[in-house]
Amino acid sequence: MDPRKTDILICGSGSAGLCAATWLARHGIRSTILERRAGPMTMGQADGVQCRTVEIFESFGLAEEVLREAYHVTEVVFWADGGVGSSGCGDSGTGGGVGAGGAVADGNSARGGRIQRTGRTADVQPGLSHQPHVILNQARINMLLIEAMGRFGGQGIEYGVTVTDMRVDVEGGGEHPVKVVAERNGREETFEAKYLLACDGAHSTVRKALGYTMIGDSSDAVWGVMDMVPRTDFPDIRKKTTIRSQAGNMLIIPREGDNYTLTRFYIELPAGTRAKDVRLEDLQDAARRILSQYKVEFVETVWWSAYAIGQRHADFFHKDYRVFLAGDACHTHSPKAGQGMNVSLQDGYNIGWKLAAVLRGLAHPSLLETYVLERQKVAIDLINFDRYFAKLFSSKGDASAREFQEGFIKAGKYTAGLTAKYDESLITSETGASRELSTNTVVGMRLPSAQVVRFCDSKPVQLSTALKSDGRWRIMAFVGDIGVSENWTRMAALGDYLGSNDSPLQTFRLKDGDADSLVEPILVGYGRRHDVEFERIPKVFYPITGKNQIRDLHKIFFDDESYNKGHGHVYDHLGISPDKGAIIIVRPDQYVSAVFSLDDYRRIGEFFEGFMIPQEKTGSLPEDKL
């Protein structure tokens, strides 16, 4: 049979592959997804959904289902006994006190061999994200993506197909230089692709075919994990709980479900244990020893496993920028920090829109190089963090209860998924004035959100609602109080530029597309919005768009001091002066590309010219369409 040709071949239907495929389907691009399993995942091992991942689902319009079905982690409780160091978590008086990072410490300090509660803290510290940390089975997370990519572009998955070999021939391979051999129902099939995304797990066939290896090590620490229904009088069974004791260490994660009875235990097993020799009874016995002063019965166990902790990453993340590794194919680590599914999904989220932009002829292929630059750094940071976090949990560690609690809280921003910072590149441009113009906005990191008031209907919304995952770039104009003449003059000049034929909105808009089809302008004002009429705002911020060709009034927001209901103070949140304002360029994945002053608006065009391809069009948009 002749080889099947495809633009993009995705090996594996895990979180990374599905998220990339969802992006591609959102752009109308069909990919070929090969999965060796006979059908969709039914019981996932990953369950923690960090704040950043919920933000991503929100951008795809999927957060409502996640938040409705998931268990919401709001508080972390710390338990310890006297054998793992003094508790020292704040005021030791009977009334309790406040420990480091705002954690509440109980007065009943741990003594002897009995475990006692040593402190509490919010799971996500205030101000990190408008979305919570939740628990939802990976199988359900994957299904939400499968359903979305089906709605977006009719994208499906070919199950029961095992990739057996692949090679890349950039010199003589023509337009489809990636050659893949697979087996389906005992028959061999071949595929040829422009690009391949390897999401085929820790034992990746693609990675092995490339001759790439995993760098890192494994420790002799063995942990067990089980999802079960416990019958117990332990008081914090429905809270995220850490227990450090002479009998062993354990992490309790409540699970989602109609009856709220399913719970996950991560249990440290004794030194010298071999993962392959562990039985379910061993995990149950270890849990009973740690919770010895409480009654605990295991009514039903739905899944369990044992693993040795290891941290590894691939020595290379691509081949000729035609084959890209993602997810477990390029990084593996322990599961206790809840990063595996999340970082993998965000690998796919990073490369999906970039592949779509290149295949649609909107951006130069050099854009794909930024995937390796950005996600390889994230993977290495993940491995280093996991070593720290695993050691923090280990019984061999010498951290006191206070030190453990402080370390856990300090890691909160990382475990929420909000520390990834992408280095300088053609789509990440740090300028000397960036930190002065927006002191809480970091170029190369995702744009924080805060509540604003939508101008057209006075609805309070999160600013992130304007940053949907639809492939568009955003020019966010924080114009300050336009009641001040200097600010109004700056806004008018910016509006004239964005509405001109020299504007990137015109240069790069899609063929026969609306003015905002690829680069969307968004205005965020400050002050009393009731003193402002639409006619004072440049029309480029509410252009004529869509099927019915009417003005889109939903691109204008205000940080309105006269509106007190849950006001978000977005200017203060981002560190922008209402007197100076700022222009923030935001990527399709909500990461900040650049920050310019309102007077330096021509740098916007120079930025986009560095990687985008001007589009051929039938002519300029008439003024009444801008």
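1. Gly-527 sits in the loop between strand S25 (519-526) and strand S26 (544-545). Helices (H or I, at least four residues) and strands (E, at least two) are DSSP runs, numbered from the N terminus. From Gly-527 to Asn-342 the sequence separation is 185 residues, and the C-alpha to C-alpha distance is 38 Å.

2. A word on what you are looking at: this is a predicted model, in which local features need pLDDT of at least 70 and side-chain atom pairs count only at pLDDT 80 or more, while totals for chains, interfaces and linings use all residues. Residues are numbered from 1 along each chain as its sequence is written, and side-chain values use heavy atoms, with hydrogens and water left out.

3. Now the domains. The protein chain is assigned domain 1 (4-67 + 136-215 + 311-391) and domain 2 (433-610); such bounds come from an automatic or database domain assignment. Taken over C-alpha atoms, the centres of domain 1 and domain 2 are 32 Å apart. Where they meet, 15 residues of domain 1 are in contact with 15 residues of domain 2, contact being heavy atoms within 4.5 Å.

4. Next, the inside. A nonpolar core is a set of buried Ala, Val, Leu, Ile, Met, Phe, Trp, Tyr and Cys residues joined through side-chain atoms within 4.5 Å. The largest one has 107 residues, and the members touching the most others are Trp-473, Ile-585, Ile-604 and Phe-608. Helix H7 (residues 340-359) gives this core its largest share, 9 residues. Domain 1 and domain 2 each supply at least three residues to this core. There is also a second, separate core of 29 residues, with Tyr-71, Ile-253, Phe-408 and Ala-420 among them.

5. Which residues does Ile-604 touch, not counting residues up to four places away in sequence? They are Ile-475, Leu-494, Tyr-497, Leu-498, Pro-504, Ile-583, Ile-585 and Phe-596. Ile-583 and Ile-604 are 21 residues apart along the chain, with 8.9 Å between their C-alpha atoms. Setting aside neighbours within four places in sequence, the contacts of Ile-583 include Ile-475, Met-476, Leu-494, Ala-594, Val-595 and Tyr-601.

6. Have a look at helix H9 (residues 401-410) too. Its buried residues are Ala-401, Phe-404, Gln-405, Gly-407, Phe-408 and Ile-409. An α-helix has 3.6 residues a turn, so residues three or four places apart point the same way. The partners that the buried residues of H9 pack against are strand S5 (75-80), strand S8 (116-122), strand S15 (240-245), helix H8 (369-393) and helix H10 (412-415).

7. Apart from neighbours within four places in sequence, Ala-21 contacts Ile-10, Ser-31, Ile-33 and Met-149. Glu-69 is 48 residues from Ala-21 along the chain, and their C-alpha atoms are 23 Å apart.

8. Asn-185 is not a glycine, yet its phi is positive, at about 50°. Asn-185 is found in the loop between strand S12 (178-184) and strand S13 (187-198), and is classed as exposed because its relative accessibility is 73%. Tyr-321 also has a positive phi, near 55°, in a residue other than glycine. Tyr-321 lies in the loop between strand S19 (318-319) and strand S20 (323-325), and is partly exposed because its relative accessibility is 30%.

9. How many cavities of 30 Å³ or more does the structure hold? The count is 7, where a cavity is a set of points, on a 1 Å grid over the protein atoms alone, where a 1.4 Å probe fits but cannot get out, and lining residues have an atom within 4 Å of a point. The largest cavity contains about 120 Å³ of space; grid points are joined across faces, edges and corners, and a volume is the space filled by probe spheres set on the points. Its lining includes Arg-52, Glu-55, His-130, Arg-446, Ser-464 and Gln-590. Both domain 1 and domain 2 contribute at least three residues each to that lining.

Key:
Buried means under 20% relative accessible area, exposed over 50%, partly exposed in between (1.4 Å probe, protein chains only). On a 1 Å grid over the protein atoms alone, a cavity is a set of points where a 1.4 Å probe fits but cannot get out, and a pocket is an open set with protein on both sides within 12 Å along at least five of seven lines; lining residues have an atom within 4 Å of a point.
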